Amino acid sequence: SSSSSWSSSGKSGKSGSSWGHGGRWGGKGSKSKGSKSKGSKSKSSKGGYWAWTDSSSDSWKSSSSSSSWSSSSGKSGKSGSSSGGGGWYGKNDDDWASGSGSHSTNDDWASGGHSSPSNHKPSKPSNDDDWAGGWEGGHTSSSKPEPASAPTHPTGWKDDGWDADEYYKTDIEGIRQECNALIEASERELLPKIVRMVFHDCVGTACDGCINIDNVDNRGLREPIDGIFPMVQKYRSKLSRADIWAICAMEAASMAVPGDGHHFPLHYIGRKDCADGDEKGYGGEDHAMCSNDLSNHDMLEFFANNFGMHDPREVVVVMGFHSASTVNRDNSGFGNIGREDGWVENADEYILSNKYYQSMKNFVWELQRVENVDPVPTRYQWYFDPLDAGPIMTNSDMSLLYNFDGYMQADKNGVEGLVMCLTNPEAEFEIEGLEDEDIPLCPMAESTKEFVDMYADDNDLFIKDFGPAMNKILNWGYHTYD
């Protein structure tokens, strides 16, 4: 319950006294600490045990409170009456006995006892699988002893996903339901933001439940992090924050598929949270996010290095989530001022579909310079709409279909992303100062174009392939693939 005391429930038995001040830990929730033994038979409704402490001379304290321990009524009163150090321990569910000493009473009660409280270790009580413990005498230790580990939770990869697992299914179902409700309450605006959050979480060496919010590329992620935090608090006894984020992201992706009941399972449990983030997940290492100005070669290299994706098909299918996404000019620097635009028409319906690939192939895209205010950098984006208010694409999106190697550069003001080729012979090149340039057509990106064509023609195949590819990102740093 605090940095200087141990508290928990279950067989891990970490409820009890502050380290360095002595004490005992043990007890299994419903059978001992609360109802049968420690609670009703001894100290208080919270349960507890008695141990010698050096916080004051000749005093006894119980573990029912970490800061001010005191006896309640009944048999617990006997624990304070023995001379010397010692302690009271529950022998089983229904009675109490001492760890050591000669002071005893009737009715299954006896005290521990020894001549000096300092550095003396009474023997352990009987262990009937409900009790375990140790003793730290009345002294100050130079290093904090390690508490017992929590019960071992099942972790790892499951081919059919973890949703039906007996140990986790209630928690996973609860997270999915609460995440679903959170997204619906936001009129679905949180749907793509949650998926973006976990994508950014997994960039680096592993998905670790932490976002460095000082990185300008992480702007806009406070809303999903704060929204999911109540679930993190509720379910952390079994699942890490990174696992909870991943479950919520898979639910968001499932919600993006039209129709009722589509389900993307989560195949891995056991992600570890970063050591230097706060309880919400703010902090951790500052990783370089996927640039919006990557060529085809650079895009494939980024996904291989950051997510272990060496198959170009996987990269193409993951990028297809942009069909269910929107951009906010104030956060990303893309889109139009005062509104959220997306990569497809009617993007605010947040539907996962192959329209991303169809739009990329069928629209006449033209390059546009987007002026932004610091700290959001000025950008180059591709747009298609006579009123400048429609879908957009970034250079990294378009590089799935076109090879910008040798054509993408910084402009005269140092702004990255100026592409000196056209994606369609009907397109105009209207970059200020370069209107008279002879601009060639962009060559095609042969390593990924076939997959853009394939998914543009087959929405069912795209949905089928999306789940495994999304899982691969969420498993980054934990599960290896043959």
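**Close-up views of a predicted model**

**View 1. Arg176 and Glu251 form a side-chain salt bridge, 2.8 Å from N to O.** Arg176 sits in helix H3 and Glu251 in helix H6, so the pair links parts of the chain 75 residues apart. A salt bridge is a side-chain nitrogen of Lys or Arg within 4 Å of a carboxyl oxygen of Asp or Glu. Helices (H or I, at least four residues) and strands (E, at least two) are DSSP runs, numbered from the N terminus. Both Arg176 and Glu251 are buried. Buried means under 20% relative accessible area, exposed over 50%, and partly exposed in between (1.4 Å probe, protein chains only). Asp163 joins Arg176 and Glu251 in a salt-bridge network.

This is a predicted model: local features need pLDDT of at least 70, side-chain atom pairs count only at pLDDT 80 or more, and totals for chains, interfaces and linings use all residues. Residues are numbered from 1 along each chain as its sequence is written, and side-chain values use heavy atoms, without hydrogens and water.

**View 2. Asp171 pairs with Lys238 in a salt bridge, 3.5 Å from N to O.** Asp171 lies in helix H3 (residues 169–185) and Lys238 in the loop between helix H5 (222–235) and helix H6 (241–255), so the bridge ties together parts 67 residues apart in sequence. Asp171 is buried at 12% relative accessible area. Lys238 is partly exposed at 25%.

**View 3. Asn475 is buried, with a relative accessible area of 0%.** Asn475 is in the segment after helix H13 (459–474). Leaving aside neighbours within four places in sequence, Asn475 contacts Trp157, Tyr268, Arg271 and Tyr481. Contact means heavy atoms within 4.5 Å.
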